[in-house]
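Let's take a walk through this structure together. Have the sequence and the coordinates at hand, and follow along from the overall layout down to single contacts.

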Amino acid sequence: MMSKLRMKEGNEAYNSGEFLQSNDLYSQSFKNDTSNLKAAFNNGNSSFMSGDFESSRNNFNQYLQSNITKEEKSKAYYNIGNSYLTEYANSAQENTGQSPNSDLLTNAVDNYKKSLRNNPKDEDARYNLSYAMKLLQQNKDQQNKDQQNEDQQNKDQQNKDQQNNDQ
């Protein structure tokens with residue numbers, strides 16, 4: 001009974017945009033009744049919305065450990081993929097002078113693939129997989145370009161040094 005009440009309160013907090021409060025309520029709901037898998041799933045969504053991607057993935061992974069349908073697994077993997085893709089996008093926007101972590105994209109791709117293995121008809125997962133793979137390729141292309149520029153600069157410097165030594 002307490003679990004259902006906390007779940008209801010968690011849903012109300014989530015719908016009001018109170019994601020930290022809903023996290024707490026969903027956690028309480030799940031602790032009171034570990035068979036309430038919806039609380040773990042909803043907590044994953046709530047953590048995602050509050051920007052705590054690691055907690056979001058932990059909640060979805062906890063949900064995946066349960067006896068759930070392929071469709072439910074597909075949704076959880078899709079959401080995990082979204083958490084990696086969003087974390088990548090956020091790190092790219094911060095643009096701290098270093099390129100964003102392509103491991104986040106690799107993890108997103110892996111989870112979208114798992115989602116599609118469980119539900120091959122999921123067009124959203126297919127689209128996001130394609131998008132994440134495109135970003136991953138752009139990252140690799142940029143890294144190769146950066147390496148070529150660095151190699152050229154080193155070569156130019158060596159030529160200058162050699163010319164100075166020749167004089």
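**From layout to contacts**

Start at the N terminus and the elements run α-α-α-α-α-α-α. That comes to seven helices and zero strands, where helices (H or I, at least four residues) and strands (E, at least two) are DSSP runs numbered from the N terminus. A word on provenance: this is a predicted model, in which local features need pLDDT of at least 70 and side-chain atom pairs count only at pLDDT 80 or more, while totals for chains, interfaces and linings use all residues. Residues are numbered from 1 along each chain as its sequence is written, and side-chain values use heavy atoms, with hydrogens and water left out.

Next, the burial. Of the chain's 167 residues, 37% count as buried; buried means under 20% relative accessible area, exposed over 50%, and partly exposed in between (1.4 Å probe, protein chains only). In soluble globular proteins, nonpolar side chains tend to be buried together. Here the largest nonpolar core holds 29 residues, and Tyr63, Leu85 and Tyr112 touch the most other members. Such a core is a set of buried Ala, Val, Leu, Ile, Met, Phe, Trp, Tyr and Cys residues joined through side-chain atoms within 4.5 Å. Two or more residues each come from α2, α3 (37–49), α4 (53–64), α5 (70–94), α6 (102–118) and α7 (123–166). The top contributor is α5, with seven residues.

Zoom in on Tyr63. Leaving aside residues up to four places away in sequence, Tyr63 touches Leu37, Ala40, Phe41, Ile68, Glu72 and Ala76, with contact meaning heavy atoms within 4.5 Å.

In α6, 17 residues reach 25 Å from first C-alpha to last, close to the 24 Å expected. Among its buried residues are Leu105, Val109, Asn111 and Tyr112. At the start of α6, a side-chain oxygen of Asn101 comes within 2.8 Å of the backbone nitrogen of Asp103.

Finally, hop back to Ser16, in the loop between α1 (2–15) and α2 (19–32). Is Ser16 buried or exposed? Ser16 is exposed, with a relative accessible area of 56%. A polar atom of its side chain lies 3.0 Å from the backbone oxygen of Glu12.

Methods:
A polar contact is a pair of N or O atoms within 3.5 Å; within protein, one must be able to donate a hydrogen and the other to accept it, and residues adjacent in sequence count only if both atoms are side-chain atoms. The expected span of a helix is 1.5 Å times one less than its number of residues.
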